[in-house]
Amino acid sequence: MSEIKIQNISKAFGSARVLNDISFAVQDGHLLSLLGPSGCGKTTLLRIIAGLEYADEGSVFVGERDLTPVPVEKRNIGVVFQNYALIPHMTVFNNIAYGLKIRKIAPDVIRKKVEEYISLVGLEGMTDRKVTQLSGGQQQRVALARALIIEPDILLLDEPLSALDRKIRAEMQYEIRRIQQQVGITTVFVTHDQEEALTMSDEILLMHNGRIEQFATPKEIYNHPVSLYASDFLGKANTLTGTLETREGGWFVSGEGWSFPVRPKEGFAAGEQVYLAIRGEQVGIYAEPAEHTVACTVKNIVFTGEICRLMVDLQGTAMTVSCINVLADRFRAGQTVYIGVDPAITHYFKIS
Ligand SMILES: Nc1ncnc2c1ncn2[C@@H]1O[C@H](COP(=O)(O)OP(=O)(O)OP(=O)(O)O)[C@@H](O)[C@H]1O
Ligand SMILES: [Mg+2]
C-alpha cells in the first residue's frame, strides 16, 4: 500500500508563509494533480513530499511509514522535474541505469531491467543514443524511466511537460497517464495548466496562496467549483452580477432584463447580490423561446476549429456561448436567439 497522507503541512520562507495547514491524501495507485497559479506553493509542497525541503509543521506519510524525519535518499521516491535533469554526455541506457548502478546491482540484472523500462516508456531502438540527440518528449520518457526503474513507492512530477510544444505535450499527457496506470504507482503531478490536470488526474487539488481551495475529481471540480476562483481557474466562464430571488417556488439570479434558475444554496438569502458563473459550453442555445430562456442577440460567431464561439449580447451584457460547429451553422450574426442554463451546473458565489 502506498497511499500518500499529508497532514497539516505549513512552511514559511523568512516571513513569507508559503504553505498553510495543508492536509490531503492520495489513494494507492491514484494520480493527484497539484494545480494552481505561479507562486502558490506547488513546487514547495512537492519538494517537502520528496524530502528536498523540510516543512515547519506537519507530517508526510507513505503507507504506514512516517517520512517526515527521513532524509531524501532513504525515502524511495521517484522524482521528475521540468528540466529532465538528465546527464547529457551519457546514453539513454546509462541515464536510465544510473539509479541501479549506484545501488550496486549486478550488470546483467541492470541490462534486463533497463530494457524492460525502455520498452515501458516506448524508447525501443534508442538505447545507445546520447540523450542530447533526443527530442524533448523522448528526453522526458528517459527521465520517467530513470525515476521508475528504482521501483519507488511513489512518483512525483513537477511540471514535466511545460517545456514541450502543444502537440507533443498532449501526446505525453496520455503517455504519462498510461505508464502511471500500467505501473500502478501513486503519483503527485504538479501543473499550472487546468486542461492538463483535468485530462490526467484521478483527483485535483487546487491551491490558492498556499492553501487548499478545492480537492475533488476533475468532473466534480469542473462542474461544481466551490468558489469563483475555482470556477475561473478550471475553465472559461461568463461571470454575471445579479440578485438572488425566490419566486414561483424556485430560486433565480436576475439582472437587468435577464433571469436564470439556480439551485438553493445554504448561507444565501433572497435579495443578495451574487456572481453567477456560466460556462460557455454549458449554455443551451435555441432559435425559439422556451421556459426560463432569455433572449439575446448574436453579435459575432468565431470559428475555432473544434467549436464555435458565439458572442452574444444578453440585454446589454456580453456573453460567450460555445457550441459544436454543426450547431453554430444554424445561427447568424444579428439573429435573436434564446439561451438557457442547467441549474444543476450553474453556480453563484458571494461578492466579497
Ligand atoms: N528557497 C526559497 N526561499 C525563499 N522563497 C522561496 C523559496 N522557494 C520558493 N519560495 C517562494 O515560495 C513561493 C512558492 O513557490 P513555489 O516554487 O512553491 O511556487 P509554484 O506554485 O511551484 O510556482 P510555479 O508555478 O511558478 O513553479 C513563491 O513566492 C516563491 O518565491
Ligand atoms: Mg513550481
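This is a predicted model: local features need pLDDT of at least 70, side-chain atom pairs count only at pLDDT 80 or more; totals for chains, interfaces and linings use all residues.

Which residues does A145 touch, not counting residues up to four places away in sequence?

Modeller: Now to your residue. A145 touches I96, Y117, I118, L120 and V121, leaving aside residues up to four places away in sequence.

Next, the setting. A145 is among the residues with the most contacts inside the largest nonpolar core. I96, L144, L156 and V188 are also named there. That core has 65 residues. Helix α4, residues 136-148, gives the largest share of this core, 6 residues. There is also a second, separate core of 27 residues. A237, L244, F260 and V262 are included in that second core.

Two of the contacts of A145 are Y117 and I118. Both are buried residues of α3, together with I110 and V114. An α-helix has 3.6 residues a turn, so residues three or four places apart point the same way.

What does the buried side of α3 pack against? The buried residues of α3 pack against α2 (92-101) and α4. The face of α3 turned away from its buried side carries D108, V109, K112, E116 and S119, which are exposed.

How long is this helix? Helix α3 runs over residues 107-120 and has 14 residues. From its first C-alpha to its last it reaches 20 Å. That is close to the 20 Å expected at 1.5 Å a residue. After α3 comes G122, with a positive phi near 75°.

The loop between α4 and β7 (154-158) holds E151. E151 counts as exposed because it has 12 C-beta neighbours inside 10 Å. Its phi is near 50°, a positive value in a residue other than glycine. Most residues other than glycine have a negative phi. Q315 is another case, again with a positive phi near 50°. Q315 sits in the loop between β17 (307-314) and β18 (317-324). Q315 is exposed, because 12 other C-beta atoms lie within 10 Å.

Go back to the core list. V188 was on it. V188 is also one of the residues that V26 touches, along with E3, I4, L32 and T186, not counting residues up to four places away in sequence. V26 lies in strand β2, residues 16-26. V26 is buried, because 22 other C-beta atoms lie within 10 Å. How far is V26 from V109? Their C-alpha atoms are separated by 32 Å, and the two are 83 residues apart along the chain.

L205 belongs to strand β9, residues 203-208. L205 counts as buried because it has 24 C-beta neighbours inside 10 Å. L205 and A216 are 11 residues apart in sequence, and their C-alpha atoms are 6.7 Å apart in space.

One more helix is worth a look. The buried residues of α1 are K42, L45, L46, I48 and I49. They cover an arc of only 160° around the axis, which puts them on the same side of α1. G51 follows α1, with a positive phi near 90°.

Helix α1, residues 42-50, also gives the largest share of the shell around ligand 1, 3 residues. Which residues surround ligand 1? They are F13, V18, G36, S38, G39, C40, G41, K42, T43, T44 and H192. The shell divides into 3 nonpolar, 7 polar and 1 charged.

Finally, step back to the whole protein. There are 9 helices and 20 strands. The C-alpha trace spans about 75 × 45 × 35 Å along its principal axes. Of the 352 residues, 36% are buried. Take the contacts with a separation of 6 or more: residues 24 or more positions apart account for 66% of them.

Notes: Residues are numbered from 1 along each chain as its sequence is written. Chains are lettered from A and ligands numbered from 1 in the order in which they are written. Helices (H or I, at least four residues) and strands (E, at least two) are DSSP runs, numbered from the N terminus. A residue is buried if 20 or more other C-beta atoms lie within 10 Å of its own, exposed if 12 or fewer, and partly exposed in between; C-beta atoms are placed from the backbone. Two residues are in contact if their C-beta atoms, placed from the backbone, lie within 7 Å. A nonpolar core is a set of buried Ala, Val, Leu, Ile, Met, Phe, Trp, Tyr and Cys residues joined through C-beta atoms within 7 Å. A residue is near a molecule or strand if its C-beta atom, placed from the backbone, lies within 6 Å of it. Ala, Val, Leu, Ile, Met, Phe, Trp, Tyr, Cys and Pro count as nonpolar, Asp, Glu, Lys and Arg as charged, and the others, Gly among them, as polar. The expected span of a helix is 1.5 Å times one less than its number of residues. The arc is that of the directions from the helix axis to the C-beta atoms.
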